[in-house]
Amino acid sequence: MRAGGPGSLAGRVVSRVGYGAMQLPRLRGDRDSAVRIVRRAVELGVDHIDTAQFYGDGFSNEVVREAVLPGDGVLVATKVGATPDPGRPRPLRLAQRPEELRAAVEDNLASLGLEQLPLVNLRRAVTGPGLRAEGPQVVDIDDQLAEMTALRDEGKIDSVGLSHIGIDELRRALPIGPVCVQNAYSLVDIADEDVLRLCVREGIAWVPYFPLGSAIPGRPKVTDEPAVVSVAQALGHTPSQIGLAWLLHHAPNVLLIPGTANADHLAANVAAGAIDLDDATLAALDAAATTDRT
């Protein structure tokens with residue numbers, strides 16, 4: 001049984017509710033629990049896991065490598081464009097230059113124990129929340145795409161995705177055949193609706209990060225939205241589940257990768273894929289959807 005029903009990614013059918021490994025480093029002191037979380041996700045029908053070498057300086061990748069078995073049929077997606085920078089307030093730094101993208105692919109191959117990465121997302125640094133490229137880290141997307149294409153031609157990666165990307169750059173990238181886009185997007189931040197709609201037209205999966213709004217203090221959260229709270233109370237679900245369910249109903253190409261280090265939250269996230277929202281409920285939630293209000 002597929003969590004959230006079937007979706008399409010990198011030429012494969014996957015569950016529309018996947019799992020994001022970014023929060024696994026919270027369990028660095030309890031590696032066994034981290035492995036159990038990932039194994040539980042697989043048991044619940046998750047077959048799309050999103051990770052990166054720069055999550056916990058390789059910790060997330062190592063846990064995924066241990067927890068996901070060859071026979072599980074899980075598509076492991078990773079990303080490049082940043083690299084671990086342990087010991088700093090923000091434990092990563094940008095690595096946007098083509099040679100750094102190549103090095104990051106090699107690091108991901110090694111830590112995941114793979115001969116080929118099924119899907120690698122190129123994390124840009126010119127749009128969306130987070131680090132911004134400066135100086136030598138300002139790299140034209142065409143140079144980056146050329147390197148990603150070369151890595152694909154060499155067989156080191158199978159498919160290319162894009163992250164933190166605007167609509168003009170996405171149009172420039174279309175000739176290489178990106179299979180997904182990862183941008184910040186939620187009911188309280190639909191600023192990239194035009195990017196989403198282009199993805200729908202081009203058959204590109206939309207894999208939103210911050211699906212429940214930003215974790216950054218002072219930024220809006222889906223769980224605080226009155227319409228979401230009202231629907232959750234009426235249907236007997238949590239506001240988080242309603243926020244995730246709205247995304248799945250909003251566009252047919254949406255795939256979710258909510259992250260958690262908590263087994264109960266994991267089960268609730270997967271269960272959100274089975275929530276049915278009728279037309280009136282969707283209309284109420286659609287009316288509440290807005291761009292980021294800060």
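Two strands pair if DSSP finds at least two bridges between them. Strands (E, at least two residues) and helices (H or I, at least four) are DSSP runs, numbered from the N terminus. By that rule, S8 and S9 pair in the parallel sense over 6 bridges. The model is predicted: local features need pLDDT of at least 70 and side-chain atom pairs count only at pLDDT 80 or more, while totals for chains, interfaces and linings use all residues. Residues are numbered from 1 along each chain as its sequence is written, and side-chain values use heavy atoms, with hydrogens and water left out.

The pairing of S8 with S9 belongs to an open sheet of 7 strands, ordered S3-S4-S5-S8-S9-S10-S11, with parallel pairing. Its edges are strand S3 (19-20) and strand S11 (205-206); each has a single partner strand, so one side of each is left without a neighbour in the sheet.

Within the sheet, S8 (117-123) can be followed on both sides. Toward S9 (157-163), leucine 117 stands opposite isoleucine 157. Toward S5, there are 4 bridges, and the two strands run parallel; threonine 78 has valine 120 of S8 as its bridge partner. S8 is mostly covered, with 6 of its 7 residues buried, where buried means under 20% relative accessible area, exposed over 50%, and partly exposed in between (1.4 Å probe, protein chains only).

Valine 181 stands opposite tryptophan 206 in S11.

A disulfide is a pair of cysteine sulfur atoms within 2.5 Å, and a search of the whole structure finds 0 of them. For cysteine 180, the nearest cysteine sulfur is that of cysteine 199, 8.8 Å away. Cysteine 199 is likewise in no disulfide. Both residues count as buried: cysteine 180 has 1% relative accessibility and cysteine 199 has 0%.

Helix H4 (residues 141-153) lies across S5 (75-80), S8 and S9, running at about 155 degrees to S9. Axes here are lines fitted to C-alpha atoms, for helices over the stretch in contact, and angles run from 0 to 180 degrees between N-to-C directions. Glutamate 147 is found in H4 and is buried, with a relative accessible area of 16%. Leaving aside residues up to four places away in sequence, glutamate 147 touches Pro98 and Arg102, contact meaning heavy atoms within 4.5 Å. Glutamate 147 and arginine 102 are 45 residues apart in sequence, with their C-alpha atoms 7.4 Å apart.

The remaining helices can be described in pairs. Two packed helices are described by the angle between their axes and the distance between the axes. The axes of H1 (residues 31-43) and H2 (residues 59-67) come within 9 Å and cross at roughly 60 degrees, which makes H1 oblique to H2. Angles under 35 degrees count as roughly parallel, over 145 as roughly antiparallel, 65 to 115 as roughly perpendicular, and the rest as oblique. H1 contributes Arg31, Ala34, Val35, Val38 and Arg39 to the contact, and H2 contributes Phe59, Glu62, Val63, Glu66 and Ala67.

H2 also meets H3 (residues 98-112): their axes come within 8 Å and cross at roughly 40 degrees, and the two helices are therefore oblique to each other. Here Asn61, Glu62, Val64 and Arg65 in H2 meet Asn108, Ala110, Ser111 and Leu112 in H3.
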